[in-house]
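The sequence and the coordinates are shown first, and the description follows.

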Amino acid sequence: MNANETMLEKGMRTVDLDSPQDGNRHMTLPDWLLQGRQPAYRGYFAVLQASCGHALQTLLRRRRLALAALVAFLPVLIPIALSFLSSSRFAESGNVVFVRLAEDLYVNVFTPLMALFFAGMLVAEDIEMRTMTYILTRPASRSAWVFGRFLAFMTVASLILICSCALTFAASTLHADLSLTRTTDLTLLIHYFGVIVLALLAYGAFSVFLGAFTKRPIVYGVILLYGWQYVATLVPGLVDFFTIKKYTDALLPLMATQRNVTEIHTALGTFTREVFLVSAGKAVVALLLITAVSLGATIIAVLRREYAADRAAGG
Amino acid sequence: MTAIIEAQGVSKWFGEVVAVNNLNLSIESRITGLLGPNGAGKSTLIKLALGLYAPSRGEIRVFGSRPRNNNAVMRRIGYCPETDYFFENTTGYEFVYWLNRYWGMSRRDARRAAEAACELTRMTERMHDPITAYSKGMRQRIKIAQALASSPELLFLDEPMNGLDPRGRDEMYALIQALADAGMAVVVSSHILYEIERITDNIVLMYRGTLLAQGQLHDIRGLIDRHPHAIRVESRQSCAISKDFLDLPDVTRLEFEENALVIRTREPNACYALLNDMARKNEGLIEGITCSDDNLQSVFDYLTR
């Protein structure tokens, strides 16, 4: 005999009950809570604005952001220090100093770093702290929520890196061969702005995806962006096409692309590696595609995954 | 009356753990008490109805539609979870405001609704304080504020009495009754029968993921009353409190613990009434009340034998 039958035998479903005990105090509800007085639903863009606004507020209140901004502005000091302290030929050219800093630090280090620590965590923290439960029980479009978060990341990260890069450029003009007024130099600066924004798009979207899909987005991100990417650029063949770095490198000015390693010297010998170059146009398309696919996959993950499930069994 | 929530053969499992097993259920009444011991599947059932989980088997419908990723259903629902989850570095007001914005309200509507919901839950004075500075009871109230701010038609309250002092519990009972009187459907989960008894006579009784019974309360209560009920009162003056309970005829035993008194009684309502009086007369005398579900467990054991 199952439990339902047991209770049915005892008349649980059939016996009427007296009124519940009315020892409760009475309360008068305000008008706004009465039925049919729901606030107007503003739709997709209201949710997108909310997601972006809330993420911006959260980011700006974090000490982590101040620390990241401080680190991102440190390269500004390098050209200044070089102009006073160094007498090497490298330091004689402001152009060389700026290009090295822009590529080695801003494009290859800071953009993935910002993406991992901010884009990835903006989504992952709602999952980890289980505030996702509140968001998923709102009539909020999941894509609007994801895009809002991503937009907030892009705004903050772009602002920090572009300002820092511009100041580094200004500081590099202390050296010869770089000027704040020369058109070709300013074009170079704008070129790097573009590369930084495109790199942030791709790295940011990929990190958002890691945040929505894995429990440890920073660990996986460090392995993939700092481990895998650098290994893939050394392995012969076409493996490097499965990295974001391949396409950000392709967008760098000529000087940088010429630095691609074609010979790898090791204790075992010297290996020659054929590098398949990608045109700037195709690199832009690839980066935009990585962004779109990553964000699309994030939205699908948010729609399909059961984020409240980790402690659910038996609850 | 048409069913607000309808479950047909719903099962939900997580790996090898079955949280809800072949549940057939129809909820129509204004206030429904979801009753069962910890691990019965109450929260899982609520999350299935909220669309947070997809059923592993079967189908669940809320307002006639499948709730998962269904914004039309979500627009009509409010939810107060059992556990304390809050956005980082926010005040109570901001917490409600941002959730209103996520609901799709304009800035102005979200502000107004947040202020009104905080006022309703008596949080206006402290609404601009960080949530980290709130007591357990205040956190509970701010969670209820966010659930009510959009004026839902169906409200899920998962263990809403947790952490509330006697006065807070009284207010919660009154609020739930008032919401139901105003036409809102309320589903309240609890593992304590006497909490549910205060607000409704319609219960859904769950045990180990299965529906044990759905029906009227007093039949269960009859079974429960055969077993002494344990009430744990946290107080630094447990000796002083115990004196008043010695005279109650249905109190079978008083046990003293460190800064707490455990009362075993066959008539818990009389004890709760006395505790409420004490708490009102002397604020700070009672720091907390917890109710053991031992006796409920014994009824479940009896029913499932």
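The model in which they are found is a predicted one. The largest cavity holds about 130 Å³ of space. It is lined by 13 residues, of which A:T58, A:R62, A:E125, A:D126 and A:R149 are the closest to its centre.

Two helices of chain A, α2 (44–60) and α5 (94–128), each supply at least two residues of the lining of this largest cavity. The most is given by α5(A), which contributes four residues to the lining.

## Nonpolar cores

The largest nonpolar core has 126 residues. Those that touch the most other members are A:F98, A:M114, A:F153, B:I5, B:F95, B:L154 and B:F156. Helix α8 (residues 183–213) of chain A gives the most to this core, namely 15 residues. Apart from this core lies another, of 32 residues, and among them are B:I31, B:M172, B:I203 and B:L205.

The surroundings of A:M114 can be listed in detail. When its neighbours within four places in sequence are left aside, A:M114 is in contact with A:A68, A:A119, A:F153, A:A157, A:I160, A:L161 and A:L200. One of these partners, A:F153, is also named among the residues of the largest core that touch the most other members.

## Chain B in outline

Chain B has 305 residues, and buried residues make up 61% of them. The chain contains eleven helices and 13 strands. Among the contacts in chain B with a separation of 6 or more, 67% are between residues 24 or more positions apart.

## An antiparallel sheet in chain B

Three strands of chain B form an open sheet in the order β2-β1-β4, and their pairing is antiparallel. The edge strands are β2 (17–27) and β4 (57–62) of chain B, each of which pairs on one side only. From one strand to the next, the twist averages 25°. Strand β1 (residues 5–14) of chain B is joined to β2(B) by seven bridges, and the two run antiparallel. Within this pairing, B:A7 stands opposite B:L25 in β2(B).

A helix accompanies the sheet. Helix α1 (residues 42–49) of chain B packs on it and touches β1, β2 and β4 of chain B. The direction of α1(B) makes about 65° with that of β2(B).

Strand β6 (residues 154–158) of chain B is mostly covered, with five of its five residues buried. In a regular strand, side chains alternate between the two faces of the sheet. Both faces of β6(B) are covered: B:L154, B:F156 and B:D158 are buried on one side, and B:L155 and B:L157 are buried on the other. Two of these residues, B:L154 and B:F156, are also named among the members of the largest nonpolar core that touch the most others.

Strands of a sheet pair through backbone hydrogen bonds, in a parallel or an antiparallel sense. Strand β5 (residues 77–80) of chain B pairs with β6(B) in the parallel sense over four bridges. Strand β7 (residues 185–190) of chain B also pairs with β6(B) in the parallel sense, over five bridges. B:L154 is the bridge partner of B:I77, and B:L154 also stands opposite B:A185 in β7(B).

## Selected loop residues

B:S29 is placed in the loop between β2 and β3 (31–35) of chain B. Why does B:S29 count as buried? Its relative accessible area is 17%, and B:S29 is therefore buried because the limit for that class is under 20%. With neighbours within four places in sequence left aside, B:S29 is in contact with B:I4, B:A185 and B:N202. B:S29 and B:T2 are 27 residues apart in sequence, while their C-alpha atoms are 9.3 Å apart in space.

B:N69 is found in the loop between β4 and α2 (71–74) of chain B, and at 34% relative accessibility it counts as partly exposed. B:R122 is placed in the loop between α4 (107–120) and α5 (136–148) of chain B, and at 40% relative accessibility B:R122 also counts as partly exposed.

Terms used:
Residues numbered from 1 in each chain as written. Chains lettered and ligands numbered in written order. Predicted model: local features only at pLDDT ≥ 70, side-chain atom pairs only at ≥ 80, totals over all residues. Heavy atoms only, no water. Core = buried A, V, L, I, M, F, W, Y, C linked by side-chain atoms within 4.5 Å. Buried < 20%, exposed > 50% of the residue type's maximum accessible area, 1.4 Å probe, protein only. Contact = heavy atoms within 4.5 Å. Pairing = 2+ DSSP bridges. Axes fitted to C-alpha atoms, helices over the stretch in contact; angles between N-to-C directions. 1 Å grid on protein atoms, 1.4 Å probe; cavity = no way out; pocket = protein on both sides within 12 Å on 5 of 7 lines; lining within 4 Å. Points joined across faces, edges and corners; volume = space filled by probe spheres on them.
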